[in-house]
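Hi,

Here is the structure I promised to pass on.

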Amino acid sequence: MDYDYDNVEILFVEDSIDDAALTIRALNKSGSTNKLYHVKDGAAALDFIYCRGDFENRKPKEFPKLILLDLKMPKISGIQVLEKLKSDPETKSIPIVMLTSSNEGPDIEKCFSLGVNSYIVKPVDSDNFFKAIKEIGLYWMVTSQSPN
Amino acid sequence: MKKEDSAKLIIANKEGASQFNENETLAAELVIANKELDFRNEEKENRAAELIIANKELIFQNEEKENRAAELIIANKELAFQNEERAHRAAELIIANKELIFQNEEKEKRASELIIANKELAFQNEEKGKRAEELNIANKELAFQNREKEKRANELLIANSALKVAQDNIRKLNDELEQKVIERTAQLEAVNKELESFSYSVSHDLRAPIRAINGYTKIIAEDYGDKFDADGIKILQSVMNNSKKMGELIDDLLAFSKLGRKSVAFADIDMVELVATVREELLFEGDGNIPDFKIAALPAAKGDKSLIKQVWVNLISNAIKYASHKKNTTITIDSYTKDKLNVYYVKDEGAGFDMQYYDKLFGVFQRLHSQEEFEGTGIGLAIVQKIINKHNGTVWAESTLNIGSCFYFSLNHTTN
């Protein structure tokens, strides 16, 4: 949390320290130089976006280029964060990629109905995991064009 | 006059008195004669009085007759008037008579018509009499049948009440059964919910630590690989392989349990197109030894396309896998019709299996080959069986060790 939270390009919301460490390593290894900020639950993610609580000094309306969002988290779940951000005209154009262990149908359907941009089931196999994270970074940070 | 005669007589008498004695006889005679005369006079006076009375009577009668004549004149006039009236009336009666004659004629005509109609009615009456007779007979028959039916109705009534008792019992049992079904359904739903949350936990909570083990082992191998000898690297590799394998097992188990909860969406399936797609996808993924395919024109079927695709994927990938150690083998995909069912089959010339272990073939995580020979978790055929069962179809197999296997499944070609 001693990160500098201005000019963040990727907001990474993940409660699992292991998954966070592996994901950050994968992004670093893939050569991503984008500034990443990691929060550990949905409440912190919303505080970050809306510059509240710990983030009240953050520059308002400076949104990240991508949010990597875990589905199952304490306090406010990934689905609740997704629902909030996608229903707010200010934030709904921020690309959100769900990163989750769940390959259960209803979750996937729910996320797409709420307007998620992509839904990735984290592979158990580390090779595939690194590959998936690398592809996400590349696609959303380089390939995909945002509205502005 | 008579009085003067009398006086003369009296003087004669007095002159004769002197001669009294002599004359006394004469006098007595005279007195008698006188008295006679007196009597006659009286009689005549009486007669005159009677005549006067008679005269008065006649006058009265005359008056009466005059009155009567006047009355007769009046009566006469009245009669003349009545006569005239009668003449009028007679003329009217003549007219009325003519009218009556005409009416009479009409009535005669009508009467003759009525006679004809009467005859007709009489005939009809007779017919009706006959019909009535017939009806009478029929009526008796009906009455008999009615009695029979009444008897039958009574019997039915008795049977009915028996049935009602039975029905009540059945209803009661049904209600109890329904209650039980409701209870069981609630239990099943609860269990299902539990199972769902269990698979969710398995999916999420078990996968995460395995991913961490796999990921960290990889980091050790990558960042600290130079600190291990060959055996150490091999062990790290085993940790990664096993964690990966465990992940696959969890994924397969979840896929299998998810299948049980999935409802089947029936639609027409173009099997030729579906098999071609599956073949392409498998050959694109696969590497190395690719067998020949002999695919016949397969008939369409009714089923859930995504599920039936999974069946083809599992069966064809098995056929490829178990023939991968042999050169120039052929996979035959064909079908036939039996009892309104389409039977599809995939025949390979691969390793085959021993039919004595057939009962384990479709079991979850059951394998008839070692991991070293052929990789796999043993979920594929269990999934195939579950999908086909969900379609009310059957799956079975024939095999000869080292010669090859043939897997069959049947599907309805019309809607269930």
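Predicted model: local features only at pLDDT ≥ 70, side-chain atom pairs only at ≥ 80, totals over all residues.

Over all chains, the structure holds 16 aromatic pairs (Phe, Tyr and six-membered Trp rings with centres within 6.5 Å; planes under 30 degrees apart are stacked, over 60 edge-to-face, the rest tilted). One of them is the edge-to-face pair of A:Tyr37 and A:Phe55, at 5.8 Å centre to centre with 85° between the planes. That pair links distant parts of the chain, 18 residues apart: A:Tyr37 sits in strand S2 (residues 36-39) of chain A, and A:Phe55 in the loop between helix H2 (42-50) and strand S3 (66-70) of chain A. Helices (H or I, at least four residues) and strands (E, at least two) are DSSP runs, numbered from the N terminus. A:Tyr37 is buried at 1% relative accessible area, and A:Phe55 is buried at 3% (buried is under 20%, exposed over 50%, partly exposed in between; 1.4 Å probe, protein chains only).

In chain B, the rings of B:Tyr336 and B:Tyr345 form a tilted pair, with centres 6.3 Å apart and planes at 45°. B:Tyr336 is partly exposed at 34%, whereas B:Tyr345 is buried at 17%.

Residues are numbered from 1 along each chain as its sequence is written, chains are lettered from A and ligands numbered from 1 in the order written, and side-chain values use heavy atoms, leaving out hydrogens and water.

Best wishes
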